[in-house]
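Have the sequence and the 3D view side by side, and look up each residue as we meet it.

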Amino acid sequence: MEEGLPTVELLESIHNFPCEYRFKVIGHADDHFVGRVLAAVRLELEEDSEPRFSTRTSSGGRHVSVTVEPTMETASHVIAVYSRLRDLEGLVMLM
(Lines give C-alpha, C1' and ligand atoms only; values in the text may rest on other atoms or scores of the structure.)
Protein backbone atom coordinates (compact mmCIF):
# COMPACT_ATOMS: atom_id res chain seq x y z
CA MET A 1 0.00 0.00 0.00
CA GLU A 2 1.22 3.47 -0.81
CA GLU A 3 1.11 5.84 2.12
CA GLY A 4 -2.25 7.57 2.48
CA LEU A 5 -4.04 5.44 -0.11
CA PRO A 6 -6.79 2.92 0.64
CA THR A 7 -5.93 -0.76 0.50
CA VAL A 8 -7.31 -3.18 -2.07
CA GLU A 9 -9.03 -5.04 0.76
CA LEU A 10 -10.77 -1.92 2.04
CA LEU A 11 -11.95 -0.90 -1.42
CA GLU A 12 -13.24 -4.40 -2.16
CA SER A 13 -15.12 -4.50 1.16
CA ILE A 14 -16.97 -1.27 0.30
CA HIS A 15 -17.45 -1.54 -3.49
CA ASN A 16 -18.58 -4.27 -5.89
CA PHE A 17 -16.22 -4.00 -8.85
CA PRO A 18 -16.65 -3.09 -11.65
CA CYS A 19 -18.44 0.04 -10.44
CA GLU A 20 -18.60 3.77 -10.82
CA TYR A 21 -16.08 5.36 -8.44
CA ARG A 22 -15.93 9.00 -7.37
CA PHE A 23 -12.60 10.83 -7.19
CA LYS A 24 -12.63 14.37 -5.82
CA VAL A 25 -9.58 16.51 -6.48
CA ILE A 26 -9.05 20.09 -5.31
CA GLY A 27 -6.35 22.24 -6.80
CA HIS A 28 -5.29 25.74 -7.75
CA ALA A 29 -7.72 27.26 -10.23
CA ASP A 30 -5.26 27.82 -13.03
CA ASP A 31 -6.04 27.35 -16.71
CA HIS A 32 -4.93 23.74 -16.88
CA PHE A 33 -5.65 21.98 -13.56
CA VAL A 34 -8.95 20.43 -14.69
CA GLY A 35 -7.30 19.17 -17.88
CA ARG A 36 -4.43 17.63 -15.91
CA VAL A 37 -6.92 15.78 -13.68
CA LEU A 38 -8.86 14.39 -16.62
CA ALA A 39 -5.70 13.45 -18.51
CA ALA A 40 -4.35 11.55 -15.49
CA VAL A 41 -7.55 9.52 -15.16
CA ARG A 42 -7.76 8.86 -18.92
CA LEU A 43 -4.13 7.77 -19.10
CA GLU A 44 -4.46 5.30 -16.25
CA LEU A 45 -7.68 3.85 -17.64
CA GLU A 46 -6.32 3.93 -21.20
CA GLU A 47 -9.46 5.74 -22.37
CA ASP A 48 -9.75 7.97 -25.41
CA SER A 49 -12.71 9.93 -24.08
CA GLU A 50 -13.13 11.87 -20.87
CA PRO A 51 -14.99 10.23 -17.99
CA ARG A 52 -18.03 11.92 -16.51
CA PHE A 53 -16.92 14.89 -14.42
CA SER A 54 -18.03 18.15 -12.86
CA THR A 55 -16.19 21.19 -11.56
CA ARG A 56 -16.81 23.89 -9.00
CA THR A 57 -14.71 26.97 -8.37
CA SER A 58 -14.34 28.27 -4.81
CA SER A 59 -16.10 31.51 -3.91
CA GLY A 60 -12.77 33.37 -3.91
CA GLY A 61 -11.79 31.85 -7.26
CA ARG A 62 -8.45 30.52 -6.01
CA HIS A 63 -9.32 26.81 -6.05
CA VAL A 64 -11.29 24.43 -8.22
CA SER A 65 -12.88 21.13 -7.19
CA VAL A 66 -13.02 18.40 -9.84
CA THR A 67 -15.25 15.38 -9.31
CA VAL A 68 -14.54 12.53 -11.72
CA GLU A 69 -16.75 9.42 -11.84
CA PRO A 70 -15.28 6.75 -14.13
CA THR A 71 -16.22 3.10 -14.16
CA MET A 72 -13.45 1.23 -12.38
CA GLU A 73 -12.80 -2.43 -13.13
CA THR A 74 -10.77 -3.30 -10.03
CA ALA A 75 -9.66 -1.91 -6.69
CA SER A 76 -6.08 -1.94 -7.97
CA HIS A 77 -7.13 0.39 -10.76
CA VAL A 78 -8.58 2.80 -8.17
CA ILE A 79 -5.28 2.88 -6.31
CA ALA A 80 -3.37 3.43 -9.55
CA VAL A 81 -5.57 6.44 -10.41
CA TYR A 82 -5.07 7.88 -6.90
CA SER A 83 -1.30 7.48 -7.36
CA ARG A 84 -1.38 9.47 -10.61
CA LEU A 85 -3.65 12.15 -9.19
CA ARG A 86 -1.57 12.83 -6.11
CA ASP A 87 1.41 13.75 -8.30
CA LEU A 88 -0.46 16.50 -10.14
CA GLU A 89 0.95 20.00 -10.30
CA GLY A 90 -1.29 22.38 -8.33
CA LEU A 91 -2.90 19.69 -6.17
CA VAL A 92 -4.25 20.89 -2.83
CA MET A 93 -6.36 17.93 -1.67
CA LEU A 94 -7.35 14.48 -2.92
CA MET A 95 -10.40 12.60 -1.65
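Lys-24 stands opposite Thr-67, a residue of strand 4. Before you look further, note that this is a predicted model, in which local features need pLDDT of at least 70, side-chain atom pairs count only at pLDDT 80 or more, and totals for chains, interfaces and linings use all residues. Residues are numbered from 1 along each chain as its sequence is written, and side-chain values use heavy atoms, with hydrogens and water left out. Helices (H or I, at least four residues) and strands (E, at least two) are DSSP runs, numbered from the N terminus.

Strand 2 and strand 4 run antiparallel and are joined by six bridges; two strands pair if DSSP finds at least two bridges between them. Strand 4 also runs antiparallel to strand 3 (residues 53–57), with five bridges joining these two. Strand 3 and strand 4 form a hairpin with five residues between them. In that turn, look for Gly-61, which has a positive phi of about 80°.

How many of the six residues of strand 4 are buried? Five of them are, so strand 4 (residues 63–68) is largely enclosed by the rest of the structure. Here, buried means under 20% relative accessible area, exposed means over 50%, and partly exposed is in between (1.4 Å probe, protein chains only). Thr-67 counts as buried because its relative accessibility is 11%. Leaving aside neighbours within four places in sequence, Thr-67 is in contact with Arg-22, Phe-23, Lys-24, Arg-52, Phe-53 and Ser-54, where contact means heavy atoms within 4.5 Å.

The structure holds three aromatic pairs. Rings of Phe, Tyr and Trp (its six-membered ring) pair if their centres lie within 6.5 Å; planes under 30 degrees apart count as stacked, over 60 as edge-to-face and the rest as tilted. Why is the pair of Tyr-21 and Tyr-82 edge-to-face? Their planes stand at 90°, with the ring centres 6.1 Å apart, so the pair is edge-to-face. Tyr-21 sits in the loop between strand 1 (19–20) and strand 2 (23–28), while Tyr-82 belongs to helix 3 (residues 75–85), so this pair links distant parts of the chain, 61 residues apart. Phe-23 and Tyr-82 also form an edge-to-face pair, at 4.9 Å centre to centre and 70° between the planes. Since Phe-23 lies in strand 2 and Tyr-82 in helix 3, the pair ties together parts that are 59 residues apart in sequence. Tyr-21 and Tyr-82 are buried, and Phe-23 is buried too. Ring pairs link Tyr-21, Phe-23 and Tyr-82 into a cluster.

The peptide bond from Phe-17 to Pro-18 is cis, with omega near 0°, and Pro-18 lies in the loop between helix 1 (8–14) and strand 1. Glu-46 is not a glycine, yet it has a positive phi of about 55°. You will find Glu-46 in the loop between helix 2 (33–45) and strand 3. Is Glu-46 buried or exposed? At 71% relative accessibility, Glu-46 counts as exposed.
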